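Please open the model in your viewer and keep the selection tool at hand. We will go from stop to stop, and each stop says what to pick.

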Amino acid sequence: MGVQKPPIYVTADPVLGWESDDETTPGEVLCRAGAEKKPAVGVSLRDWEGLKLKEIAQVCDWLAERGFQVVLLPFHFPGDIAICRDVAKLMKQEHCLVKENLSPAEMMNLVGKMHLIIGMRLHALIMAAARGVPFVGLSYDPKVERFSRQVGQTAGCTVENLTATFLQAQVEQILANYRPIKRDLTDKTAELKVKARENALLVGKLLERYQDHS
């Protein structure tokens, strides 16, 4: 773009460098939502034109049949509640819908409790990466696909080409290679966490420079 001044630094999303100190345990949130004690798959959706809810519900049912607790996570509250409820209504198996307006720290801890995340919301994927939870990104915007590839995770489907068969195959691939995928995610995210913490250092230097000139 021809921008030369001031200097431009490419870092990473600050959430990647954030260590949550919230005392609320994920188990408490899941218990209030009526979840059972078994491996959970978090599903983060947003309202988007052309999103195929029946296909997503079908994959959620398939996961439930395999013994996973399907947890619908509304990241944007209360906006995402409606789309989560729409998918829940289409499901035939048991599911869990988080209806609370969770703080970012509570959501971060809850995401960390998941075995896997299927997500449209970018920060559902960023939180998953920060907590070492493998994920499949459902792309409605290039940022979702690019972040997924940056941390070596499955870019999954776009909203336009989403089918239950394809999404299920993506999930199966992760489950079949879970440990090496999780290890690779942790390694790649470690590099981004260092870059994310650079944000605070850069802001600190900027404030020092401002104070020197004030």
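The tour below starts with confidence and then moves through the sheet, a helix pair, the aromatic rings and a few single residues.

**Before you start**

This is a predicted model, in which local features need pLDDT of at least 70, side-chain atom pairs count only at pLDDT 80 or more, and totals for chains, interfaces and linings use all residues. Residues are numbered from 1 along each chain as its sequence is written, and side-chain values use heavy atoms, with hydrogens and water left out.

**Stop 1: colour by confidence**

Colour the chain by pLDDT, the predictor's confidence in each residue, from 0 to 100. The mean for the protein chain is 91, and 97% of its residues reach 70 or more. Helix α1 (residues 26-32) has the lowest confidence, at a mean of 83, while α2 has the highest, at 97. Helices (H or I, at least four residues) and strands (E, at least two) are DSSP runs, numbered from the N terminus.

**Stop 2: the sheet**

Now show the strands. You will find an open sheet of 5 strands in the order β3-β2-β1-β4-β5, with parallel pairing; two strands pair if DSSP finds at least two bridges between them. β3 (96-97) and β5 are at the edges with a single partner strand each, so one side of each has no neighbour in the sheet. Zoom in on β2 (residues 69-72), which runs parallel to β3 and is joined to it by 2 bridges. Here Leu72 is opposite Leu97 of β3.

Stay in β2 and select Gln69. Is Gln69 buried or exposed? With a relative accessible area of 4%, Gln69 is buried (buried means under 20% relative accessible area, exposed over 50%, partly exposed in between, with a 1.4 Å probe and protein chains only). Leaving out residues up to four places away in sequence, Gln69 touches Ala35, Glu36, Lys38, Pro39, Ala40, Val41, His95 and Cys96; contact means heavy atoms within 4.5 Å.

**Stop 3: helices α4 and α5**

Two packed helices are described by the angle between their axes and the distance between the axes. Select α4 (residues 104-113) and α5 (residues 122-130): their axes come within 9 Å and cross at roughly 60 degrees. Axes are lines fitted to C-alpha atoms, for helices over the stretch in contact, and angles run from 0 to 180 degrees between N-to-C directions. The crossing of α4 and α5 is right-handed (left-handed if the near helix is turned anticlockwise from the far one by less than a right angle, right-handed if clockwise). Show side chains to see Pro104, Met107, Met108 and Val111 of α4 meeting Ala124, Met127, Ala128 and Ala130 of α5.

Keep α5 selected. Because 8 of its 9 residues are buried, α5 is largely enclosed by the rest of the structure. The cover over its buried residues includes β1, α4, β4 (116-119), β5, α6 and α8 (178-213). Just after α5, look for Gly132, which takes a positive phi of about 70 degrees.

**Stop 4: aromatic rings**

How many aromatic pairs does a search of the whole structure find? The search finds 2. Rings of Phe, Tyr and Trp (its six-membered ring) pair if their centres lie within 6.5 Å; planes under 30 degrees apart count as stacked, over 60 as edge-to-face and the rest as tilted.

Select Trp48 and Tyr140, a tilted pair with 4.7 Å centre to centre and 55 degrees between the planes. This pair links distant parts of the chain, 92 residues apart: Trp48 is in the loop between β1 (40-44) and α2 (53-65), and Tyr140 is in the loop between β5 (135-137) and α6 (142-150). Trp48 is partly exposed at 33% relative accessibility, whereas Tyr140 is buried at 14%.

Next, pick Phe135 and Phe147, whose ring centres are 6.2 Å apart with planes at 5 degrees, so this pair is stacked. Phe135 belongs to strand β5 and Phe147 to helix α6, 12 residues apart. Phe135 and Phe147 are both buried.

**Stop 5: Val159**

Go to the loop between α6 and α7 (164-176) and select Val159. Val159 is buried, with a relative accessible area of 2%. Beyond residues up to four places away in sequence, the contacts of Val159 include Trp48 and Tyr140 from the previous stop, along with Met120 and Ser139.

**Stop 6: Pro14**

Finish in the segment before α1, at Pro14. Pro14 is exposed, with a relative accessible area of 54%. The C-alpha atoms of Pro14 and Glu198 are separated by 8.9 Å, although these residues are 184 residues apart along the chain. Pro14 touches Ala196 and Asn199, again not counting residues up to four places away in sequence.
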